[in-house]
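Hi,

Here is the structure I said I'd pass on. Have a look at it first, and then read my notes below.

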Amino acid sequence: MKGNKPEYFPVLEDVLQAAQIISEISEITPLKDSIRLSKEFNCQIRLKREDLQRVRSYKIRGAFNKISSLTEEERGKGVICASAGNHAQGVAFACCHLKIKGTIYMPSVTPKQKVEQTKLFGGEWVEVVLQGDTFDDSSLAAKIHGDQTGKIFVHPFDDPKIIEGQATVGLELIEQAKKPIDYLFVCIGGGGLASGLISVFSQLSPNTKIIGVEPKGAPSMKSAIDSGAVITVDNIDKFIDGAAVKRVGDLTFPICNYYLDDMITVDEGKVCQTILDLYNRDAIVVEPAGALSIAALEKYKEEIVGKNVVCIIGGSNNDITRTAEIKERALLYAKLKHYFIIRFPQRPGALKEFVVDILGETDDITHFEYSKKSSRENAPAVVGIELKHPDDLQPLIERMKNNNFYGDYINDKPDLFEYLV
C-alpha cells in the first residue's frame, strides 16, 4: 500500500446491488483452466473469460449498472459517452435494452469491427460519431457535446456506478475459484476494472496479490503511481486501443495506488505473440487489451510457481484486418524480423548472388523495394528478412558486409522504421 487511503471506495453492498441489476443482461462468464499455461509456468492458471460476454467484454457490466441508475428525467435527456470500442458496445447495448437515446464518440482509428458492433448493439437508439485520434480526444469532444445538449455523460471508468458494475467480476471469481487465489492479473486502461476487483478482493480475499498490467507504450497508471499523482501521458502507442488512455481516473488512481501489489507494463510485441498463441494453440480469440494479463505472466514466472493464478481476459473484439500487423509486431519483438537497406550492384545476377550467397538456408525475404538508378554503381533496396532464430542475425550481417551488400540496419532507426511497420 502506498499513498493516502482513497476517499471513495466501493462497499460490498453496492457491488451486490450492482450484481442484482446487471443479472438481467450479463452473463456469468466461466473460469477456465489453461492446461498449456499451467504446464508452461508450473502452477495452476485459470482464465476468467469476460471475452464470452454477450458484447464480448466486461464493459457491459459497468455501462448497464450506470445507465440503469439514471432517473426518468435523466433518461429523457439521453446519454453520451466516449470509448475506444468495448465501453461503446456496453453503452449501446444498455441504451437499446432500456430504450434510451445515446450518442457514442469513438476515436477515428477505432477498428472497423468495434464500430460496426457498436451500431449493431445500439440499433436505432444509438448514433456513433468518429472523432479524434485517441480515447482522450473523443472524450473531450463528447463532454463538450454533452454540456451543450444536456445529455448525461457515461464515463468508461471514472464513475462509482461503473466501478461497482465492473466489481461484479470479482464476486463471480471468488465464488468460482473454490480455493484462495494467490495472484490475480488484470489489464488496466483507465483503472475501472482493477478498482472494482480491488474493492471485492480487499474485503473477501485480502491475501490475493493483484497485479495491474498495461501496455509499455501507454503507461498511464504506472506513470501516475510513480509520480504520486494523476498525470497526462501525452505520447502513447495507440495499438492496444482498449488500454491506450493518456490519463487514468481521479477515482480509480487512489484505489490502484493504495491497494495494487504491483503495476507493470508489457511490450506490445509480447502482447501480439500472446494473441497468436491463444488463437493457434487454444482456439481463443482475444483483442490486444484482452491478452495483456496473460502476456504479463512471463515477468512473474518465478513468483507464481506452484500458485493459484487467475488472468482476466477482458475482451475479444479484435478486427481480423489487424492480423498482419499483429504478426509483424510479434516477429519484431522476438527479433525474427529485420529490415535493411541493401546496396545492390547494378549488374545482372546481383540479386541471385544475394539470395544464394548471403541469405541463410532458413532466411526468408518478406519485403523488397527496389528502384534501379542507371547513373549509380550501386542502387539501394529496402529488404525485410524473417529469420528462424535470433542468433542468425549477426552472421547474416557479416555476410552482407563481407560481400559489400550492407547499407544500413533499419530496425533501430525509429524515424525510418515507422514507415515500414
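Helices here are DSSP runs of H or I with at least four residues, numbered from the N terminus. Keep in mind that this is a predicted model.

Q17 counts as partly exposed because its relative accessibility is 45%. If you go looking for E74 from there, it is 57 residues away in sequence, and the two C-alpha atoms are 21 Å apart in space.

Next, the sheet. It is an open one of 4 strands, in the order β12-β13-β11-β14, and the pairing is antiparallel. At the edges you'll find β12 (364-370) and β14 (406-409), each pairing on one side only. On average, neighbouring strands are turned by 25° against each other, ignoring direction. Helix α17 (residues 393-402) packs on this sheet and touches β11, β13 (378-386) and β14. The direction of α17 makes about 10° with that of β11. As for β11 (residues 337-345), 3 bridges join it to β14, and the two run antiparallel. I342 is the residue opposite Y406 of β14.

Finally, the cysteines. How many disulfides does a search of the whole structure find? It comes back with 0. C95 is in no disulfide, and the nearest cysteine sulfur, from C81, is 7.5 Å away. C95 counts as buried because its relative accessibility is 0%. C187 is in no disulfide either, with the nearest cysteine sulfur, from C256, 11 Å away. C187 is buried too, at a relative accessible area of 15%.

Cheers

Methods: Residues are numbered from 1 along each chain as its sequence is written. This is a predicted model: local features need pLDDT of at least 70, side-chain atom pairs count only at pLDDT 80 or more; totals for chains, interfaces and linings use all residues. Side-chain values use heavy atoms; hydrogens and water are left out. Buried means under 20% relative accessible area, exposed over 50%, partly exposed in between (1.4 Å probe, protein chains only). Two strands pair if DSSP finds at least two bridges between them. Axes are lines fitted to C-alpha atoms, for helices over the stretch in contact, and angles run from 0 to 180 degrees between N-to-C directions. Contact means heavy atoms within 4.5 Å. A disulfide is a pair of cysteine sulfur atoms within 2.5 Å.
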